[in-house]
Amino acid sequence: MATRIESRAQIGRLDDEGIIRVRAKPGVDLTLEDAQDLIQKLGAMGGGRRRPALIDLTGIRSISREARTYLRGPQTAGIESAAALLVGSPLSQVIGRFLIGFGEGLFPARLFTSELEALAWLSSSPG
Amino acid sequence: MTKRILSGDLAGSLHLARRALDHLADTCGTPDAFAEAARAGAELDRVERRLAAAQADLDRGMGEIGDAIFKLASLDFTHTVPVSEDGTVLDGLRGGVNMLAEELAAGHRELVRAKVLAEQGAVAKSEFLSNMSHELRTPMHAILNYTEMALSRITADAEIERPRLQKYLTNMRISGKRLLALINDVLDLSKLEAGQMRISRKQGDFTSVVKQCLAELDSLFKAKTIEAVVLRGTPDCEAYFDFERMVQVLENVLGNAVRFAVRGSTVEIALREGPGTLICSVYNEGPSIPEAELEDIFDRFVQSSNVKNGAGGTGLGLAICRATMSAQGGRIWAQNTLAGVTMHISIPRQRPGLDAGGAASGISRGRTGVASQGAVAGEEPVADEDPGRRGYAAGAKGLRN
């Protein structure tokens, strides 16, 4: 089972704590194809188990609506038990806010500007 | 010192700082102080230029965002604002506006779609009410007219002639039946949609359904000199269905086929093997259905635009057929073929959960397959037993006998 993945837009790995860590490549414009590719690869990497995920969006430039919808959807819920979105710049904060969406999601998701806080939340989140 | 001055306010402080430095250079006059003042002045120039550039960027960015918001307000969701990789506050605003535009565009599309559907629904309901009023009024008028005629004859002649009275009563019965059929259609559809229609399925020979329908519609076929031909592409016509409901469906389909068939033509009823199903296909030569309407004709109150004028009916028949087939685990769909239309009905071969061997053991296979039907688009081809496609029964009587 691979513990690292790389695609056009993201790099990911499964750490020793069983947390999926994904980082969007700097300046990337994330499309639906990127999102589908990511979830497919993460699914294979996670070995069929739902795991907490730390998603680093600090470098992202944009994300399409289709990608946002997909990443909030059941395919992602099938592999992620909770998602901590790491943001930094004002742009990434806005993108993170849109990515989480405006209603109740299929899995818990929150924005963080600190990786430590994000990991602490993930370790305490259910699932 | 200069840094402390510059760390204050931007525009106003810069002028104050410049004046202070000029004054310092003028009054002190030492070479060191002069050089310090010159360096500070140059730094101030650079800062001023950067501030001016930043201000211009901000103005341009806010202008772009303002334009984008204005376009959103004008329902133009195609406009996007370029976002840099710097991720600044301005980029955050730009990205937010872009994503907001996408969300609004999606919401707007959904609203437009819902509006179109609502409008179509309103039109369909108006047409339905119009058709229904006509369909209800016509037989009701007939009943009332014949009643009036009979009453007036009785009053005038004291005793009405028997044949005339018989004719009046017969016409009243026909009109009454039409009314009842119409009311039954409405009630059936209501029950089917509410899931309250009782469906009683049994294993049986589907040819009995065909025979029953052809017998009941015999006069309709004869009236348009249309011949019914039954083509059996499978010797085994056993299936799992509700006889009464299946007769209702096939009668509806055959009734439509005759109604829209060219006078003097042939209506073909083909029985063949489907995947786990028996497929009954009814073909008639006549006007085709526009491709975009092949599904819509199964909606309530909808009739094909090619035949709706003068075709009669309320547009409920096929909706009832589809709901009835669905309730029986089957399917009904339409297809344009050759110079006409084919309606396909697929009926489950056996009760769900029974394997082929178990269910097939009780099936009579004694029938003779005589003709085979070619494959229909979207269905598995049927192995030809006799490519010559001989007519099994020329006309309705053939099968009945």
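**Helix and sheet packing**

The buried residues of α9(B) sit against α5 (162-193), α8 (243-260), β6 (331-337) and β7 (340-348) of chain B. Keep in mind that this is a predicted model.

Me: How many residues of helix α9 of chain B are buried?
Reply: The helix spans residues 317-327 and is mostly covered. The buried ones include B:Gly317, B:Ile320 and B:Met325.

Me: Which are the edge strands of the six-stranded open sheet in chain A?
Reply: The order is β1-β2-β3-β5-β7-β8, with mixed pairing. An edge strand pairs on one side only, and that picks out β1 (4-6) and β8 (109-112) of chain A. The twist averages 15° from one strand to the next. The edge strands are β1 and β8 of chain A.

Me: Which residue is the bridge partner of A:Ala84 in β8(A)?
Reply: Strand β7 (residues 80-86) of chain A runs parallel to β8(A), with four bridges between them. For A:Ala84, the partner in β8(A) is A:Arg110.

Me: What angle does the direction of helix α5 of chain A make with that of β7(A)?
Reply: This helix, residues 115-124, packs on the sheet and touches β5, β7 and β8 of chain A. Its direction and that of β7(A) make an angle of about 165°.

Methods
Residues numbered from 1 in each chain as written. Chains lettered and ligands numbered in written order. Predicted model: local features only at pLDDT ≥ 70, side-chain atom pairs only at ≥ 80, totals over all residues. Buried ≥ 20, exposed ≤ 12 C-beta atoms within 10 Å, placed from the backbone. Helix = DSSP H or I, 4+ residues; strand = E, 2+ residues; numbered from the N terminus. Contact = placed C-beta atoms within 7 Å. Pairing = 2+ DSSP bridges. Axes fitted to C-alpha atoms, helices over the stretch in contact; angles between N-to-C directions.
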